[in-house]
Amino acid sequence: MRTVRAILRRAATVRSAADLKRRVSSLPVLLFKIAASRHGRKAWSRNTARLVEAARKAGELKPEPGKKKIPPYRIFWSWDLNSSCNYGCPYCFYSSKDDSATLFLSPRDWGIIWRNIYKKYGRCRISVAGGEPSVYPEFPGVISAIAGAHSVEVSTNLSFDPEKLAGKVDPGMLTLNAGFHPLYAGFGDFLEKAGKFSAAGFRLTVSHVAYPAHNLEKIKEYMKEFNRAGIPFIVQPFRGVFRGRRYPDSYSEDEREILREAAETEQPLDERVKVSRPPGAASSEDVNRALRRHNLLKRKNLHKKCRMGQMYAKVYPDGSIYRCCAPDARKMGHIADPGFRLYGTPQSCESLECCCYKRMRAGEESEWMRFWK
Ligand code: SF4
Ligand code: SF4
């Protein structure tokens with residue numbers, strides 16, 4: 001009854017059709033907040049890992065057994081926590097200062113949401129990105145609230161204080177993919193922060209875009225320092241137009257040599273990090289070919305069965321869930337809706353064009369399983 005009263009109270013203050021539309025789309029969040037406030041502190045603990053373990057022993061958590069038998073044998077989520085970033089890298093397609101659509105919830109509320117997901121699907125792998133996720137309010141608290149139940153990977157520019165996160169999260173449950181952006185971060189500071197995370201036991205890789213405006217000669221120094229610190233360092237070729245010239249085709253021979261050397265001296269990385277790059281981009285000589293091949297992956301998959309939406313989902317900053325990151329992918333629901341469910345079986349693809357080399361086409365598991373580990 002209290003829930004109905006709260007909805008009616010809000011309905012009485014609707015100002016326009018656009019306002020109504022906005023409120024309807026935020027209804028799952030309202031319902032979630034009412035439910036969460038009723039369950040109170042019992043529903044959440046700062047130490048989610050301990051809570052989950054206790055609930056599992058009590059038989060309260062019963063993940064769907066079926067999902068564990070379906071390739072890739074666990075659920076993967078990509079979660080864009082927010083859309084704004086404190087940097088403005090010229091080679092970035094994703095940066096913005098606009099967080100007007102972002103869903104802001106407390107660590108406690110996110111803990112409840114992801115614990116509900118755990119109840120349904122067991123331990124998942126969650127890749128958190130943005131924007132820059134560390135500018136989200138109470139970011140360390142949000143990560144620590146979910147990293148006990150799920151294994152979490154965060155893509156970040158490392159602009160935050162490592163100590164705020166290091167003491168809160170079990171290093172075994174968190175991986176950091178840190179981007180080094182010299183236009184905004186000094187190399188010494190960045191290396192020191194990366195070293196702190198590494199020393200605290202977190203798995204950490206550093207990536208760097210070979211943007212033509214940077215002094216690419218410096219890549220050699222970066223390589224040397226990261227190698228010395230035992231931190232895997234990946235150099236990504238710039239893809240786009242700089243001063244009227246299209247890259248990566250326009251790298252000079254000297255620049256290609258630097259990229260080649262960087263690729264050759266990369267420390268051994270685990271398979272998951274390696275495969276997150278365009279397939280074949282192992283050396284600078286392969287770069288152009290690999291990117292062309294990547295473009296050629298755009299294929300019509302209309303009506304073909306895909307496990308995206310069954311074993312993977314993408315969460316956008318406003319909380320809406322889509323089956324994959326294709327621009328015309330199907331919306332599946334909202335992360336704050338406790339009744340949300342992934343598809344039970346592979347579904348037909350509704351996108352006109354798919355350029356995802358990790359797509360989970362049913363029956364073609366041998367082609368994509370290596371990307372999902
Ligand atoms: S730090 Fe990352 S998200 Fe932010 S502008 Fe640079 S590349 Fe984009
Ligand atoms: S085939 Fe591609 S576009 Fe279609 S659902 Fe799968 S990943 Fe998405």
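Is the crossing of α5 and α6 left-handed or right-handed? In this predicted model, the crossing of the two helices is right-handed. Helix α5 spans residues 107–121 and helix α6 residues 139–147; their axes lie 8 Å apart and form an angle of about 25°. Angles under 35 degrees count as roughly parallel, so α5 is roughly parallel to α6. On the α5 side the contact involves Pro107, Arg108, Trp110, Gly111 and Trp114, which meet Gly141, Val142, Ala145 and Ile146 of α6. By class, the residues of this contact comprise six nonpolar, two polar and one charged.

Helix α6 is largely enclosed by the rest of the structure, because eight of its nine residues are buried. The buried residues of α6 are Phe139, Pro140, Val142, Ile143, Ser144, Ala145, Ile146 and Ala147.

Strand β1 covers residues 76–80 and includes Phe76. Phe76 has 19 C-beta neighbours inside 10 Å and therefore counts as partly exposed, the threshold for a buried residue being 20 or more. Leaving aside residues up to four places away in sequence, Phe76 touches Cys124, Arg125, Met311, Tyr312 and Trp372. The C-alpha atoms of Phe76 and Ser151 are 9.9 Å apart, with a separation of 75 residues in sequence.

Notes. Residues are numbered from 1 along each chain as its sequence is written. Chains are lettered from A and ligands numbered from 1 in the order in which they are written. This is a predicted model: local features need pLDDT of at least 70, side-chain atom pairs count only at pLDDT 80 or more; totals for chains, interfaces and linings use all residues. Axes are lines fitted to C-alpha atoms, for helices over the stretch in contact, and angles run from 0 to 180 degrees between N-to-C directions. Helices (H or I, at least four residues) and strands (E, at least two) are DSSP runs, numbered from the N terminus. Angles under 35 degrees count as roughly parallel, over 145 as roughly antiparallel, 65 to 115 as roughly perpendicular and the rest as oblique. A crossing is left-handed if the near helix is turned anticlockwise from the far one by less than a right angle, and right-handed if clockwise. Two residues are in contact if their C-beta atoms, placed from the backbone, lie within 7 Å. Ala, Val, Leu, Ile, Met, Phe, Trp, Tyr, Cys and Pro count as nonpolar, Asp, Glu, Lys and Arg as charged, and the others, Gly among them, as polar. A residue is buried if 20 or more other C-beta atoms lie within 10 Å of its own, exposed if 12 or fewer, and partly exposed in between; C-beta atoms are placed from the backbone.
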